[in-house]
Amino acid sequence: MESIGPEALVRTYCIAKSRGDVAAALRVCHPDFVLETIPFGTRSQGAGETALHLTAFFAAFPDYTVLLEGLAADGDAVVCWGDVRLTLRGPLGPLPPTDRTARLPMCSIFTVRDGLLAGERFHFDLHALCTQLGLSVHEVDAALAPFRTVPHAALEA
């Protein structure tokens, strides 16, 4: 892949995720990429584990869309902010789909290494997400617990 700047890497990654295209998102990521979804308490490391996490996420939220408002870069760090829109159309662990849509502010902090994204720390308001989806924070926390303790087993089940 031709080398592109950090902000372009983030834009490319966000566009791919908004299409649910895991392979395209991972093409701009370092093989040791770390994805931390802070409100969910989940973390994946490496292309394989991150692909499993993203695939499970897009199965639950197939219309996930990032609406970027801004980006700022400083050396090997990039922050982006805006809104995400997503509808719970598939199961979230043991929770059934609600077919409700949420739109909420988000912020992600990325690190860059060797011309690729090395990590993302994804932040949003879990309470706002749950309220808009018709779920309780407690239900979502319990549903995501297996993803925190044994990521591969939970995702492959």
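Asp 99 is exposed, with a relative accessible area of 55%, where exposed means over 50%, buried under 20% and partly exposed in between, for a 1.4 Å probe and protein chains only. The model is a predicted one, in which local features need pLDDT of at least 70 and side-chain atom pairs count only at pLDDT 80 or more, while totals for chains, interfaces and linings use all residues. Residues are numbered from 1 along each chain as its sequence is written, and side-chain values use heavy atoms, with hydrogens and water left out.

**Loop residues with positive phi**

Asp 99 lies in the loop between β4 and β5, and its phi is near 60°, a positive value in a residue other than glycine. Asp 114, placed in the loop between β5 and β6, has a phi near 55°, also positive in a non-glycine residue, and counts as exposed at 64% relative accessibility. The elements named here are DSSP runs numbered from the N terminus, helices being H or I with at least four residues and strands E with at least two.

**Cavities**

The structure holds two cavities of 30 Å³ or more. A cavity is a set of points, on a 1 Å grid over the protein atoms alone, where a 1.4 Å probe fits but cannot get out, and lining residues have an atom within 4 Å of a point. Grid points are joined across faces, edges and corners, and the volume is the space filled by probe spheres set on the points.

| Cavity | Volume | Lining by class |
|---|---|---|
| Largest cavity | about 50 Å³ | nine nonpolar, no polar, no charged |
| Second largest cavity | about 30 Å³ | six nonpolar, one polar, two charged |

In these classes Ala, Val, Leu, Ile, Met, Phe, Trp, Tyr, Cys and Pro count as nonpolar, Asp, Glu, Lys and Arg as charged, and the others, Gly among them, as polar. The second largest cavity is lined by Tyr 13, Cys 14, Lys 17, Tyr 64, Val 66, Met 106, Ser 108, Glu 120 and Phe 122. Two or more of its lining residues come from each of α1 (6–18), β5 (101–113) and β6, and α1 gives the most, with three residues. The lining of the largest cavity consists of Phe 40, Phe 57, Tyr 64, Val 84, Leu 86, Leu 104, Phe 122, Phe 124 and Leu 129, with β4 (77–87) and β6 (116–124) each supplying at least two residues.

Glu 120 lies in strand β6 and is buried, with a relative accessible area of 3%. Its side chain is joined to that of Tyr 13 by a polar contact of 2.6 Å, that is, a pair of N or O atoms within 3.5 Å, one able to donate a hydrogen and the other to accept it, with residues adjacent in sequence counting only if both atoms are side-chain atoms. Leaving aside neighbours within four places in sequence, Glu 120 is in contact (heavy atoms within 4.5 Å) with residues including Lys 17, Phe 33, Glu 36, Ser 108 and Phe 110.

The largest nonpolar core has 47 residues, and those with the most contacts inside it are Tyr 13, Phe 61, Tyr 64, Leu 86, Leu 117, Leu 129 and Val 140. Such a core is a set of buried Ala, Val, Leu, Ile, Met, Phe, Trp, Tyr and Cys residues joined through side-chain atoms within 4.5 Å.

Terms used. On a 1 Å grid over the protein atoms alone, a cavity is a set of points where a 1.4 Å probe fits but cannot get out, and a pocket is an open set with protein on both sides within 12 Å along at least five of seven lines; lining residues have an atom within 4 Å of a point.
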